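The following questions and answers concern the chain shown here and its backbone.

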Amino acid sequence: MNEDIKFLKETLKLAKKGLGRTSPNPMVGAVIVRNGRIIGQGFHRQAGLAHAEIEALNSATENPQGATLYINLEPCTIFGRTPPCTEAIIKSGIKKIVCCTLDPNPKVHGQGLIKLKEAGIETAVGILEDEARVLNEAFFTFHEKRRPFIAIKFATSLDGKMATRSGDSKWITNRKAREYARNLRGQYQAILVGIHTILADNPNLGVRTKGQKDPFRIIIDPRLQISLDADVLRDTNVLIVTTSQADNFKKELLKNKVFTVLVFDSKQINIGELLSKLREKEIISILVEGGGETLGNFIDSRLVDKVYAFHAPIIIGGKNAFSIGGNGANTIKKAIKLKKISFQKFDDNSLTIGYIHH
């Protein structure tokens, strides 16, 4: 058991190397072991490239026949962007598979291990399962709850204000906190903001880290107020969500620039319906960055999974200053409570990270 834990921890470490590049696939790492020695290892580098098991088999320094394969997620059995991994494992002569957890995808769930067992390969599953689920929390949510994993991020003063009464918010947090927040974007497949954030700040919504891919950008803009010169429209990796109230000419103009425009036949955009549409587009994780009304709408919908709340030791004050909007809780008992809370410090700024239990 101790040896199994040791090598499965290695698979989790390898899997993390694919952070931000594997969606809609999970992050997976694999090691091949014989007599306590690693003879091959690999991880899933990017959607469309070889899976971790194939990388490990290809890297093997000796024949893997009779060896044990450790992996953090059940091997796949289906043809997707690449062939099924179970066939390659069977052909390799691997004698045992140890994995953390079954694949939540109903097309795979349990079938990979069944196929391997039928081929005479010994299988074991369930060690470090919690750690494996946390690593791929978005992938599990996507398949088990049939919607993208939703994290919200915001920065406030001590009195809960996100901007002054004039709309000024630059900068509530310090440089270290802002850098951390920007790097968070690389961990999510998509970033979502409301139109007021675009109009007020003209944000780039990119990672701004060399060699790291920018996330898909989703703009909620019911009346299509966005400027065609907005920084967020620097490439076509953008989805603009609007309504039937929006100007038809501008809709066509945006579509002609090859942006995806999703139109709801209503005055308001229902968050649950939006997430269903995004699931169809294979968006498995979204970081919602603002503004206040957009954050409030997600909170009111009770469709938030994770929270990143930055706090700076300043007091803004003012009843007309900006904070999280929406209807909010009617009583303290109905307020959303975070679980599995952790804290980080950035000099005099702080970050609270927590999960919302549904």
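Lys and Arg count as positive and Asp and Glu as negative, whereas His and the chain ends are not counted. The model discussed here is predicted.

Q: How far apart do the centres of the positive and negative side chains lie?
A: The chain has 52 positive and 37 negative side chains. The centres of these two sets are separated by 2 Å.

Q: What is the radius of gyration of the chain?
A: The chain has 11 helices and 14 strands. For 358 residues the globule rule gives 21 Å, and the value for the chain is close to this, so the chain is as compact as a globular protein of that length. The radius of gyration is 23 Å.

Q: Is Asn35 buried or exposed?
A: Asn35 is found in the loop between β1 (29-34) and β2 (37-43), and its phi is positive, near 50°. A residue counts as exposed when its relative accessible area is over 50%. Because its relative accessibility is 70%, Asn35 counts as exposed.

Q: In which loop is Arg302, a residue with a positive phi near 60°?
A: Most residues other than glycine have a negative phi. Arg302 has a relative accessible area of 45% and is partly exposed. Its place is in the loop between α11 and β12 (306-311).

Q: Which residue does a cis peptide bond join to Lys170?
A: Most peptide bonds are trans. At this bond, omega is about -5°.

Key
Residues are numbered from 1 along each chain as its sequence is written. This is a predicted model: local features need pLDDT of at least 70, side-chain atom pairs count only at pLDDT 80 or more; totals for chains, interfaces and linings use all residues. Side-chain values use heavy atoms; hydrogens and water are left out. Helices (H or I, at least four residues) and strands (E, at least two) are DSSP runs, numbered from the N terminus. The radius of gyration is taken over C-alpha atoms; the globule rule is 2.2 Å times the number of residues to the power 0.38. The place of a charge is taken as NZ of Lys, CZ of Arg, CG of Asp or CD of Glu. Buried means under 20% relative accessible area, exposed over 50%, partly exposed in between (1.4 Å probe, protein chains only).
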